[in-house]
Amino acid sequence: TGLAVTSDGKHITSSSRDMTIKIWNLDTGKEVRTLRGHAGSVNAVAVTSCGMHIVSGSADNTMKVWNLDTGKEERTLEGHTAAVSALAVTSDGKRIVSGSEDNTIKVWTRKTGKEERTLNGHISPICSVAVASDGKHVVSGSADNTINLWNIETDFLSPLTAQHLPSFADVDLSSALPFFGFLRGGIGYNYKVSNVSHVLLSDNSEAPPVLRKAKWSPPSSSPNP
């Protein structure tokens with residue numbers, strides 16, 4: 001159950017529990033085509049910036065890359081051991097980032113379908129992932145109540161813990177701030193990370209390398225719509 005809009009604003013792609021992906025004409029609201037191939041609920045969908053490819057993630061533990069113009073499946077990506085729950089594509093369209101209920105994030109080469117690396121750090125299913133415009137930094141939100149910031153070229157991890165929310169259902173990135181920009185998390189709530197109260201730096205070789213760790217409290221005013 002996901003949505004993505006092509007960069008030219010002409011089409012919407014939707015994923016569904018009926019195991020399909022549909023492409024819609026945004027001007028007319030009419031269905032253009034239906035993509036079939038997954039053997040489970042399709043939980044996430046993403047579109048490359050060029051608008052030529054769709055990536056879908058499913059409860060069948062796989063991802064598929066589709067040609068948007070023809071609707072043909074180009075390849076299947078396998079490696080997760082549980083449902084794929086979140087997807088993002090780098091701005092150059094060369095890499096796919098996937099989050100899964102197996103608690104991991106994986107980075108893939110889109111053209112070959114080859115897995116580049118696995119990011120371990122969360123202890124609960126991944127709810128969402130987003131990629132910064134530099135193509136190197138990824139933010140992941142998890143049911144373990146944390147948001148993690150990753151450098152996918154070095155595996156550096158920076159956990160951002162928010163104890164006031166049961167889980168992070170969605171994260172997004174903005175170029176307005178370095179690295180993580182705006183983090184959107186929670187259930188119907190929207191927060192700017194501007195009231196960080198603690199910053200910790202760690203060089204403990206026994207632990208994963210940490211860039212930054214922060215905790216914050218929800219704003220006292222009503223959440224933004």
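This is a predicted model: local features need pLDDT of at least 70, side-chain atom pairs count only at pLDDT 80 or more; totals for chains, interfaces and linings use all residues.
Reader: Why is Ser85 called buried?
Author: Its relative accessibility is 17%. Buried means under 20%, so Ser85 counts as buried. Ser85 is found in strand β9, residues 84–89.

Reader: What makes the pair of Ser85 and Ile126 a polar contact?
Author: A polar atom of the Ser85 side chain lies 2.4 Å from the backbone oxygen of Ile126. The cut-off is 3.5 Å, so the distance qualifies. Ser85 also touches other residues, including Asn43, Gly99 and Cys127.

Reader: Why is β9 called an edge strand?
Author: The open sheet runs β9-β10-β11-β12, with antiparallel pairing. β9 and β12 each pair on one side only. The twist averages 20° from one strand to the next.

Reader: How do you know that β11 and β12 pair?
Author: 5 bridges join them. Pairing takes at least two bridges, so the strands pair. Trp108 stands opposite Glu115 in β12.

Reader: What makes Glu116 and Arg95 a salt bridge?
Author: Their side chains meet at 3.1 Å, N to O. The limit is 4 Å, so the pair counts. Glu116 is in strand β12 and Arg95 in strand β10, 21 residues apart. Arg95, Glu116 and Glu153 are linked in a network of salt bridges.

Reader: Why is Glu116 called partly exposed, and Arg95 buried?
Author: Glu116 has 33% relative accessibility. Arg95 has 17%. Buried is under 20%, so Arg95 counts as buried.

Conventions. Residues are numbered from 1 along each chain as its sequence is written. Side-chain values use heavy atoms; hydrogens and water are left out. Helices (H or I, at least four residues) and strands (E, at least two) are DSSP runs, numbered from the N terminus. Buried means under 20% relative accessible area, exposed over 50%, partly exposed in between (1.4 Å probe, protein chains only). A polar contact is a pair of N or O atoms within 3.5 Å; within protein, one must be able to donate a hydrogen and the other to accept it, and residues adjacent in sequence count only if both atoms are side-chain atoms. Contact means heavy atoms within 4.5 Å. Axes are lines fitted to C-alpha atoms, for helices over the stretch in contact, and angles run from 0 to 180 degrees between N-to-C directions. Lists of a residue's contacts leave out its neighbours within four places in sequence.
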